[in-house]
Amino acid sequence: MATAPAQPVERENYLNAHYGIRSWLLTTDHKRIALLYLISITFFFFIGGFFALLIRLELLTPAGDLVQADTYNKLFTMHGQVMVFFFLIPSIPAVLGNFLVPMMIGAKDLAFPRINLLSWYLYIIGGAMMLHCILTGGVDTGWTFYTPFSTEFSNTKVIEAGLAIFVAGFSSILTGLNFIVTIHRMRAPGMTWSRLPLFIWAHYATSLIQILGTPVIAITLVLVVAERALHLGIFDPKLGGDPLLFQHLFWFYSHPAVYIMILPSMGVVSEVIACFARKRIFGYTFVALSSITIAVFGFLVWAHHMFVAGISVYAALVFSLLSYSVAVPSAVKVFNWTATLYKGSIRYDAPMLYAFGFVGLFTIGGLTGLFLASLGVDVHVHDTYFVIAHFHYIMVGGALMGYLGGMHFWWPKISGKLYPEGWARLAALIVFVGFNLTFFPQFILGYLGMPRRYYDYSHMPEFQILNVFSTAGATILGVGYLLPMIYFLWSMRYGKPAPDNPWNAAGLEWQTASPPPTFNFDEEPVVTWEAYNYDEIDAAHPEEVSVGG
Amino acid sequence: MRPTPRRCPLADSQIIVETASHAEAYNPALLHHFAEPQQQRDAASLGMWIFLATEVMFFGGLFCAYLIYRLAYFGDFAAASTSINAALGGANTAVLICSSLTVVLAIWAAQTSRRALMLLMLVLTMLFGCAFLGIKAKEYHDKFVEHHVPGASFSFEHEEIPGHPGQYANPHHAEIFFALYFIMTGLHALHMIVGLGVFTWLLWAAWKGRFTPDYYTPLEIGGLYWHFVDIVWIYLFPLLYLIDRHR
Amino acid sequence: MAGNVDALYIFLLIVSGLMTLLIFTTLIYFAARYRHRPGVPAEQIEGSNKLEITWTVIPLFVFIAIFFWSATIYFKSRTPPRDSTDVYVVAKQWMWKIEHAEGQREINELHVPVGRDVRLIMTSQDVIHSFFVPAFRMKQDVIPGRYTIAWFRATKPGTYHLFCSQYCGTQHSGMIGNVIVMEPAQYEAWMSGSTGGPLSATGEKIFAELGCSTCHRMDTQGRGPNLQGVFGHPVMLDDGRVVTADENYIRECILDPGARRVKGFQPIMPTFQGLVSEEQVNALVAYVKSLSNAGPNGSKTAEAAPAKSRTKGTQVE
Amino acid sequence: MTPECELPMSAPSDHSKSSPLTTYFAVWVALLFGTFLTYEVAKIDLGPWNAAVALIIASTKALLVALFFMHIKGAHERLLKLVVITTIAFLIILLSLSMADYATRLWS
């Protein structure tokens with residue numbers, strides 16, 4: 001467990017082992033592919049963020065004065081599609097997961113390195129198609145592609161957007177496939193299931209959803225494209241089709257997709273909380289199994305997006321009841337994280353601040369989910385800003401907080417450099433404040449009845465004040481997101497070299513160099529200890545000082 | 001390839017680490033990140049099984065649409081289904097079953113070092129695959145001639161519902177059936193074409209002598225894929241060709 | 001409805017508020033109390049099955065309680081009372097076309113009397129829309145190709161927002177209107193301003209014009225079923241199934257006669273898909289309904305349960 | 001979790017023992033017979049049982065292919081069986097919960 005002092009001469013690592021554009025574009029090293037993903041998803045994050053900014057600016061005033069109605073409709077559609085399919089779903093799995101899953105289990109690489117590279121290329125092809133779609137006119141169906149609007153009425157580039165997401169979906173499937181096989185087959189000697197970091201459990205659960213859910217949306221998009229091109233009638237009521245069938249198939253994937261975004265984040269938070277509380281996570285087994293439970297139950301609840309869509313009353317009752325079942329394991333996780341802090345030795349470095357932020361915002365996001373699962377209230381708040389606020393609390397307050405927390409936590413390992421701790425804490429604070437200011441008012445807006453996807457609310461000027469708060473918050477949030485990008489880039493050149501284990505953390509990934517060598521470990525690790533053995537680590541090094549001091 | 005410590009890849013119960021004294025012989029098929037061939041083989045086979053799981057869900061969405069419309073428009077589906085040549089579909093089922101047999105025989109031949117038999121069986125598999133696609137093309141051609149291909153020229157007027165003399169099938173509902181028929185069998189045929197591509201490569205590798213009783217993983221996982229495509233057809237045949245045939 | 005929904009909403013607010021408070025205070029307390037101090041190591045705790053079971057089971061029971069409460073409200077909001085006033089709603093990009101059973105037509109406005117149950121029989125001409133009146137806590141998607149049903153009872157006169165809440169294209173945010181709740185006397189005055197006859201009369205005219213009456217005769221000799229007293233009653237189908245003849249069934253019989261044919265009749269009726277507009281279908285449905293209310297076998301539902309008291313909705317604005 | 005460890009010394013040619021040629025040909029004959037059977041049974045009116053019988057025959061055939069041709073039966077670990085069962089379970093979730101809506105729409 002020795003923390004090696006910073007080396008005067010740079011060791012060979014995955015970053016400097018090869019140079020040149022070919023060594024990156026043809027690499028099969030999971031760490032390099034993770035960086036490729038990092039660059040690509042950051043690009044799409046800022047595109048999606050730009051759309052969000054325009055949406056918020058438009059809503060600053062009740063009248064539709066900044067952009068045209070059609071433009072606004074395209075903005076929220078492409079904001080959703082870019083953020084969901086090209087940022088959130090690949091975010092933690094494809095960047096942090098790609099980088100860390102093999103290292104955490106003591107493997108040299110993922111089971112199928114070339115498929116891993118293929119998955120990035122599929123993502124890039126899908127992304128290029130999406131980008132082309134955006135630049136040549138965009139799409140205005142809403143990210144949900146509801147039929148028959150998308151198949152018969154929209155005159156925008158639905159087919160192109162559908163195919164872009166179809167291709168990106170296969171990238172997601174291949175990542176999930178790779179993780180599952182890797183976790184089953186590539187664990188180092190001694191790395192038993194009960195010794196796996198919770199990050200791995202979370203990614204295992206995520207991969208389950210990716211491989212079992214994504215194909216369904218793929219085939220659904222094929223049907224939409226075919227329907228739009230050939231007017232087959234499968235989703236067209238005029239030809240005997242049922243538009244609700246599309247919604248069933250769409251949400252069969254898209255509800256569990258929320259768990260693709262949030263589960264890896266939960267994995268990050270488990271790692272971070274354990275490290276900065278210097279404790280084994282409370283109720284390891286329950287936290288691990290709750291990930292799997294969430295993944296499985298997540299598939300049973302999709303029609304709670306359809307309570308007012310005209311489905312059978314009895315089906316609605318069944319889906320409502322099942323929806324509560326997924327809340328239980330989520331609650332279990334929150335309780336266990338809280339209990340982990342008990343009698344810990346807690347430090348407040350930036351990753352921990354993000355973890356605190358995650359737990360708080362996820363709690364609010366999860367509890368407002370109860371409102372939406374309960375049939376009576378859902379009828380009122382469905383398709384209003386209440387829903388928008390709820391899922392942004394989960395996806396942005398939850399998934400994105402976790403992603404940023406993880407990026408800070410593992411940045412020293414990824415780049416070999418330390419980020420500026422003071423700036424990082426400031427950014428975490430700005431993100432937290434900006435986020436709440438943006439989205440909390442939207443809960444109130446929703447209950448007051450403001451429908452989502454409205455570009456002009458001049459008949460309801462009473463909604464303006466809350467929208468102004470929201471837009472102000474979004475501006476702050478934007479600054480909060482720009483800051484980390486700036487200081488991460490800065491640290492790559494000017495940051496202090498990171499020691500191998502700056503946090504004195506448990507986990508195999510910290511036992512190799514920072515940045516790690518190409519095959520991760522100089523010697524194949526053999527695991528003889530339990531996960532989160534912080535007592536042993538701290539007994540060996542009683543007074544390690546954390547980075548921020 | 002530097003000598004790797006031998007190990008059990010999944011030591012759940014015990015830790016087995018031997019030192020490099022038992023260094024394995026140089027094995028060109030062993031990729032760098034695997035400790036030993038068994039691990040690589042297991043990874044490949046699990047990977048293919050999980051890929052097949054995604055394929056099941058991929059077709060699952062179509063089966064879901066099929067199920068719902070078949071229950072809603074049973075008579076129209078029956079009328080449309082009856083217009084398809086079930087004998088051709090049955091023949092295709094038999095062809096695919098035979099090709100599955102030749103696949104297992106090819107693997108068995110590889111396991112038992114019968115190179116000529118392995119090559120023969122691979123060629124036979126591909127011939128069966130081509131035969132399947134040929135029969136499929138004949139079916140598609142028939143449907144095209146009868147204007148049963150969904151789209152602008154689709155026509156299914158005055159087709160009686162089996163068992164309901166005088167009642168004509170709703171052309172719109174029949175079009176949904178044919179849409180599902182073409183998408184399901186079309187995607188299946190696409191899988192067959194991909195399978196033929198995979199088997200072309202397998203044949204080439206077998207010709208080059210890549211496969212030995214110790215290493216035939218590509219054959220095995222290629223075979224898994226082929227059998228899966230067979231299983232999909234086993235369901236498609238009764239569901240698409242044999243609705244209400246008894247009238 | 002609004003009162004019930006708000007009560008549940010407030011209950012949920014309290015429950016989740018308490019939960020949030022509990023988690024936040026514990027979190028902050030632990031974070032402060034157990035902050036890192038040199039020389040004070042963390043105490044390792046494995047976990048506690050008792051605690052895990054507690055915080056699995058207690059939320060589960062709370063959730064199940066919430067489920068039953070909310071399901072009751074939902075079930076009520078989806079089950080229209082029998083003696084309600086029918087209003088036909090046709091949504092299209094981007095307006096609400098409203099027809100009262102008495103014959104009045106309006107666009108983007110719905111006039112209703114206070115204190116009466118109003119049943120909305122809604123369909124769409126193009127894409128999916130959603131009829132949303134926040135003040136009544138009421139929302140129902142409006143789907144092309146079939147009827148969706150919703151109902152409400154307004155309890156306070158006034159003007160309330162009507163929104164389309166399902167994204168429907170360019171002018172989605174312009175597809176708004178007002179629900180105007182009037183005192184009964186005012187409402188009667190408004191009603192008497194109408195020019196056309198009741199919707200069922202329009203339907204009767206269309207019924208004759210399209211030649212429906214040649215087969216659907218008012219006796220047992222017709223080639224099609226006698227439609228008197230059919231509505232609201234079970235119908236035996238050709239394949240042995242039994243369905244209740246509701247609005248959706250009548251609609252389907254007009255647009256896709258072969259799908260669920262009445263037992264004992266030949267499949268000779270042509271489809272009227274594409275030949276009649278949504279408004280005409282509504283009028284025909286209203287006509288078939290009227291045959292049941294006033295017909296020889298049917299009892300007038302208006303007389304059936306005039307004094308039934310139900311849970312009342314209130315408005316919050 | 002199950003012990004999935006197969007010690008490296010076990011020879012891969014074990015498979016040939018668990019699935020000898022006679023099994024392959026027997027399965028092949030059974031599959032052809034199943035095809036013939038389902039084709040002929042479709043011509044008999046079994047009322048609502050038509051679809052059920054067709055699906056039972058198809059599932060039996062699929063099971064035969066999976067067990068003997070895809071070597072699920074001889075697999076040395078339970079994991080592959082778990083993958084198959086999980087997949088079928090999720091397919092059933094998709095079909096049954098969708099049907100929960102469609103089957104009960106006419107009730108109200």
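The legends below describe close-up views of a predicted model. Local features need pLDDT of at least 70, side-chain atom pairs count only at pLDDT 80 or more, and totals for chains, interfaces and linings use all residues. Residues are numbered from 1 along each chain as its sequence is written, while chains are lettered from A and ligands numbered from 1 in the order in which they are written.

View 1. Chain B has six helices and two strands. Helices (H or I, at least four residues) and strands (E, at least two) are DSSP runs, numbered from the N terminus. Along the sequence the pattern is α-α-α-α-β-β-α-α. Of the 247 residues in chain B, 52% are buried. A buried residue has 20 or more other C-beta atoms within 10 Å of its own, with C-beta atoms placed from the backbone; 12 or fewer means exposed, and in between is partly exposed. Of the contacts in chain B with a separation of 6 or more, 72% link residues 24 or more positions apart. Two residues are in contact if their C-beta atoms, placed from the backbone, lie within 7 Å.

**View 2. Helix H1 of chain B packs against helix H5 of chain B.** H1(B) spans residues 37–72 and H5(B) spans residues 171–207. Their axes come within 11 Å and cross at roughly 160°. H1(B) is therefore roughly antiparallel to H5(B). Axes are lines fitted to C-alpha atoms, for helices over the stretch in contact, and angles run from 0 to 180 degrees between N-to-C directions. Under 35 degrees counts as roughly parallel, over 145 as roughly antiparallel, 65 to 115 as roughly perpendicular and the rest as oblique. The crossing of H1(B) and H5(B) is left-handed: the near helix is turned anticlockwise from the far one by less than a right angle, whereas clockwise would be right-handed. H1(B) contributes B:Leu62, B:Ala65, B:Tyr66 and B:Tyr69, which meet B:Ile176, B:Leu180, B:Ile183 and B:Met184 of H5(B). This contact has eight nonpolar, no polar and no charged residues. Ala, Val, Leu, Ile, Met, Phe, Trp, Tyr, Cys and Pro count as nonpolar, Asp, Glu, Lys and Arg as charged, and the others, Gly among them, as polar.

**View 3. Helices H3 and H8 of chain A pack together.** The angle is about 35°, with the axes 8 Å apart. H3(A) passes H8(A) in a left-handed crossing. On H3(A), A:Leu88, A:Ile89, A:Ile92, A:Pro93, A:Leu96 and A:Gly97 take part; their partners on H8(A) are A:Ala257, A:Ile260, A:Met261, A:Pro264, A:Ser265 and A:Val268. The contact of H3(A) with H8(A) holds 10 nonpolar, two polar and no charged residues.

**View 4. Chain A meets chain C.** In this interface, 74 residues of chain A are in contact with 69 residues of chain C. Helices of chain A that each supply at least two residues include H3 (69–104), H8 (243–277) and H11 (350–373). H10(A) gives the largest share, 15 residues. The side of chain A that touches chain C has 44 nonpolar, 17 polar and 13 charged residues.

**View 5. Chain D is built from helices.** Chain D has four helices and zero strands, in the order α-α-α-α from the N terminus. Buried residues account for 29% of its 108 residues. Chain D is divided into domain 1 (21–70) and domain 2 (76–101), with bounds from an automatic or database domain assignment. Taken over C-alpha atoms, the centres of these domains of chain D are 21 Å apart.
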